[in-house]
Amino acid sequence: MDSLLKNTIANVKRERLLSVTNIFTMSMTFLILGIFITVIVVSQSILRNLEQQAQVTIFFKDDFTEDRILELENNLAQDTRIFSVNYVSKEDAYRIFKEINKDDPVLLESVTSSILPASLEVRANDISDLPKLAEEFNQLDGVEEVRFFEDVISRFRRFSTIAYIIGFVLLFVFFLVSYSVILSTLRTTINAKGTEFEIMKLVGATTDYVKKPLIFQGMFYGAVSSFISGLLLVAIIIALNYFSLIPSKLSLGFLANFSISSLLYSFILWLV
């Protein structure tokens, strides 16, 4: 193992220009792949957060007391399909109404908190559950109206599904491109040593004896390139996060609400 390592380092030093070229090419490939993955994760996380902003609003009749609304809120919070439930009282609704119509004093004078309904704003973990939840809420006692913009939600669902598919297809395609670039880079190294390998075979060198230095050299290029590209990617993500160009919390599939900082710390520890 020591002799292979020494031989690999000696080969890298002897072929400095080729080694620098290979490391630079692989580093840029890994960096572009990392940036592409980061863009996909951030964009999919933003889509996920937008999906969770979609909501069903339940408006209650005036004779449906606040205690019964709060009891219903607690019951809905136990439903695994529901992401969050927010109670908006008559006073809260009036405060929101005043903020929206602050430039229309005549309208404000004609409206009081007593004529505005209390409501519950319900958000689902999965946007596809909203239509079914809206139907169920319509059947509840004391409900005056259920407001749900089904057309808007349906269009957004189609858009987000297409975005998910395109993102992962492009990721797969670029992964194949990166793999091809790395293979081409290593093949260049092998071709540069074609005469040397022929001489080694002629003097009786075994296939394993010829292959092992190449494998170690490829591992060396890969380790150094991934380390360089990893540090560059960390620096880029830190800069983007510092200027608030990417969200500090991400959510993607089974990974929900994980922070950029914890992701970076884990990555740095892995590099070390």
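This is a predicted model: local features need pLDDT of at least 70, side-chain atom pairs count only at pLDDT 80 or more; totals for chains, interfaces and linings use all residues.
Two or more lining residues are contributed by each of the strands β1 (55-60) and β3 (119-124) and by each of the helices α4 (90-100) and α7 (150-192). Among these elements, α4 gives the most to the lining, with four residues. When the lining of this pocket is divided by class, 12 residues are nonpolar, five are polar and two are charged.

A search for aromatic pairs across the whole structure returned two. One of them is formed by F60 and F64, whose rings are stacked, with a centre-to-centre distance of 5.2 Å and an angle of 5 degrees between the planes. The angle falls under the 30 degrees below which planes count as stacked, and the centres lie within the 6.5 Å required for a pair. Both partners, F60 and F64, are buried. F64 is located in the loop that runs between β1 and α3 (66-77), and its relative accessible area is 10%, a value that classes F64 as buried because the cut-off for this term is under 20%. The C-alpha atom of F64 lies 9.1 Å from that of A118, although the two residues are 54 positions apart in sequence.

Helix α6, which spans residues 130-138, has the buried residues L130, L133, A134 and F137. Viewed down the axis of α6, the buried residues fall within an arc of 105 degrees, and they therefore line one face of the helix. On the other side of α6, by contrast, K132 and E135 are exposed.

A further buried loop position is provided by S89, which has a relative accessible area of 9% and is placed in the loop between β2 (82-88) and α4. The side chain of S89 makes a polar contact of 3.1 Å with the side chain of D92.

Methods. Residues are numbered from 1 along each chain as its sequence is written. Side-chain values use heavy atoms; hydrogens and water are left out. Ala, Val, Leu, Ile, Met, Phe, Trp, Tyr, Cys and Pro count as nonpolar, Asp, Glu, Lys and Arg as charged, and the others, Gly among them, as polar. Rings of Phe, Tyr and Trp (its six-membered ring) pair if their centres lie within 6.5 Å; planes under 30 degrees apart count as stacked, over 60 as edge-to-face and the rest as tilted. Buried means under 20% relative accessible area, exposed over 50%, partly exposed in between (1.4 Å probe, protein chains only). The arc is that of the directions from the helix axis to the C-beta atoms. A polar contact is a pair of N or O atoms within 3.5 Å; within protein, one must be able to donate a hydrogen and the other to accept it, and residues adjacent in sequence count only if both atoms are side-chain atoms.
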